[in-house]
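The sequence and structure come first.

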Amino acid sequence: MAGLNKVVHSYEEALKGLSNDMTVMVGGFGLCGIPEGLISHMVKTGVTGLTAISNNAGVDDFGLGLLLKSRQIDTMIASYVGENATFEKQMLSGELNVILTPQGTLAEKIRAGGAGIPAFFTATGYGTPIAEGKETREIDGRHYVLEPSLTADFALIRAWKADTMGNLVFRKTAANFNPMMATAGKITVVEAEYIVEPGELDPDHIHTPGIYVNRVIQATFEKRIEQRTVKPSTAEA
């Protein structure tokens, strides 16, 4: 079983093979469930010309915002700009090529890519700029847009638990985009909060089988909160 151990012990090893002009998927939703350490180390590598696929691009000084700030991303495929002023500025100036995609469509494009489905029809976006230049078709009286699937050279994933063979369990909001992206990368690298031995994870609770995972690294996370909203204390009231 030793040959199935996918644990690596440095970010250099985890990101080995990453180079300029590659396409990278980055899991998570907002700042929840993002592979913080892998993103930070990508900044240090100095790779440029990246196409990044992610639900959004973090904030200015955290998550993918770090790669935007250092101008290492040329194209961003995302569902919304979020609260990243750098993203907004680069998009409006034309410095950054942005392909805004409806969130559900983005999720399905990634899932389809991981499943080996080259394209699919969806009614979302028909009659809007999203459909410009794409094949459309009427099926049973309803209009649809043909959307190509998405895959990536690297998929960077955040998991709650992983075993040494790469089986993954996600927790709460981190289950957004991470599981499907893990299937759609040529090389899938996972940052895990906990790494356990084979057999310690309940097979019924595994979200992503290890067959999709190439490398696993132990990490600690800041777990930054994008918008902290608290109820006034009784004393303040």
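## The sheet

Three strands form an open sheet in the order S6-S8-S7, with antiparallel pairing; strands pair if DSSP finds at least two bridges between them. Helices (H or I, at least four residues) and strands (E, at least two) are DSSP runs, numbered from the N terminus. Strands S6 (119-122) and S7 (136-139) stand at the edges with a single partner strand each, so one side of each has no neighbour in the sheet. From one strand to the next, the twist averages 35 degrees.

S6 and strand S8 (residues 142-148) run antiparallel and are joined by four bridges. Phe-121 stands opposite Leu-146 in S8.

## Basis of the model

This is a predicted model, in which local features need pLDDT of at least 70 and side-chain atom pairs count only at pLDDT 80 or more, while totals for chains, interfaces and linings use all residues. Residues are numbered from 1 along each chain as its sequence is written, and side-chain values use heavy atoms, with hydrogens and water left out.

## Helix H5

The buried residues of H5 are Thr-105, Leu-106, Ala-107, Lys-109, Ile-110, Ala-112 and Gly-113 (buried: under 20% relative accessible area, exposed over 50%, partly exposed in between; 1.4 Å probe, protein chains only). Their cover includes strands S2 (23-26), S3 (50-53) and S4 (73-78), as well as S6, S8 and helix H6 (178-184); contact means heavy atoms within 4.5 Å.

Gly-116 follows H5 and has a positive phi, near 80 degrees.

Methods: Axes are lines fitted to C-alpha atoms, for helices over the stretch in contact, and angles run from 0 to 180 degrees between N-to-C directions.
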